[in-house]
Amino acid sequence: MTTVPFEQVVTRHGATVLRVCTALLGPDHAQDAWSETFLAALGAYPDLDEGANLEAWLVTIARRKAIDHIRRTSRQARPTAVIPERPGAHYRPGGWERDLWEALGDLPDKQRHAVVYHHIAGLPHAEVAAILGGSPAAARRACADGVAALRRHYLEEAR
């Protein structure tokens, strides 16, 4: 059972959870996933072990909330009178960071999640492996492959 007030947990780890949600869902849906993460965490927090890694626990919840959001939105119909044209490769609404979210979204799931959890959430490879399943070496490899793909993406754009 934990003794730290939940408000302190939100204050300490809120920014990390928001970065994870933004990286997994993009800036348009991150706030909703952040809220859902902390609502779910609030219910389970009193039963959490004293020595639990709160950051890894919250990142795991955020990951599950992001998956729930993706599943929920993929099943929703989006009625429209006009089918929009697909934007060109150089169209960047919202600035440079929108391009980053799109490049992250193009990575295979395991690489994207490994990059987000390690580089954005700051979790060590061992904790990334615990979240994704597999070994720390596999998490390190997925992370390295994801970063390499992002670098190739940006090098191709620079040409």
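This is a predicted model: local features need pLDDT of at least 70, side-chain atom pairs count only at pLDDT 80 or more; totals for chains, interfaces and linings use all residues.
The protein chain has 7 helices and 0 strands, and along the sequence its pattern reads α-α-α-α-α-α-α.

**The chain as a whole**
- The protein chain has 159 residues, and 35% of them count as buried.
- If you look at contacts between residues at least 6 apart in sequence, 68% of them join residues at least 24 apart.

**The nonpolar core**
- In soluble globular proteins, nonpolar side chains tend to be buried together.
- Here, the largest nonpolar core is made of 39 residues, and Val 20, Trp 57 and Tyr 117 have the most contacts inside it.
- At least two residues of this core come from each of α1 (6-25), α2 (30-44), α3 (54-74), α4 (96-106), α5 (109-120), α6 (125-132) and α7 (136-158).
- The helix that gives the most to this core is α1, with 8 residues.
- Leaving aside residues up to four places away in sequence, Trp 57 touches Ala 41, Ala 44, Tyr 45 and Leu 48.

**How α5 meets α6**
- Two packed helices are described by the angle between their axes and the distance between the axes.
- For α5 and α6, the axes come within 10 Å and cross at roughly 135°.
- The crossing in which α5 passes α6 is right-handed.
- On the α5 side, the contact is made by Lys 110, His 113, Ala 114, Tyr 117 and His 118, while α6 brings His 125, Val 128, Ile 131 and Leu 132.
- Sorted by class, this contact of α5 with α6 has 5 nonpolar, 3 polar and 1 charged residues.
- Tyr 117 is a name to remember, as one of the residues in this contact and one of those with the most contacts inside the largest nonpolar core.

- His 13 lies in helix α1, and its relative accessible area is 8%; because buried means under 20%, His 13 counts as buried.
- Not counting residues up to four places away in sequence, His 13 touches Phe 38, Leu 54, Glu 55 and Leu 58.
- Glu 102 lies in helix α4 and is partly exposed, with a relative accessible area of 37%.
- Glu 102 and Leu 25 are 77 residues apart in sequence, and their C-alpha atoms are 9.9 Å apart in space.

Notes: Residues are numbered from 1 along each chain as its sequence is written. Side-chain values use heavy atoms; hydrogens and water are left out. A nonpolar core is a set of buried Ala, Val, Leu, Ile, Met, Phe, Trp, Tyr and Cys residues joined through side-chain atoms within 4.5 Å. Buried means under 20% relative accessible area, exposed over 50%, partly exposed in between (1.4 Å probe, protein chains only). Helices (H or I, at least four residues) and strands (E, at least two) are DSSP runs, numbered from the N terminus. Contact means heavy atoms within 4.5 Å. Axes are lines fitted to C-alpha atoms, for helices over the stretch in contact, and angles run from 0 to 180 degrees between N-to-C directions. A crossing is left-handed if the near helix is turned anticlockwise from the far one by less than a right angle, and right-handed if clockwise. Ala, Val, Leu, Ile, Met, Phe, Trp, Tyr, Cys and Pro count as nonpolar, Asp, Glu, Lys and Arg as charged, and the others, Gly among them, as polar.
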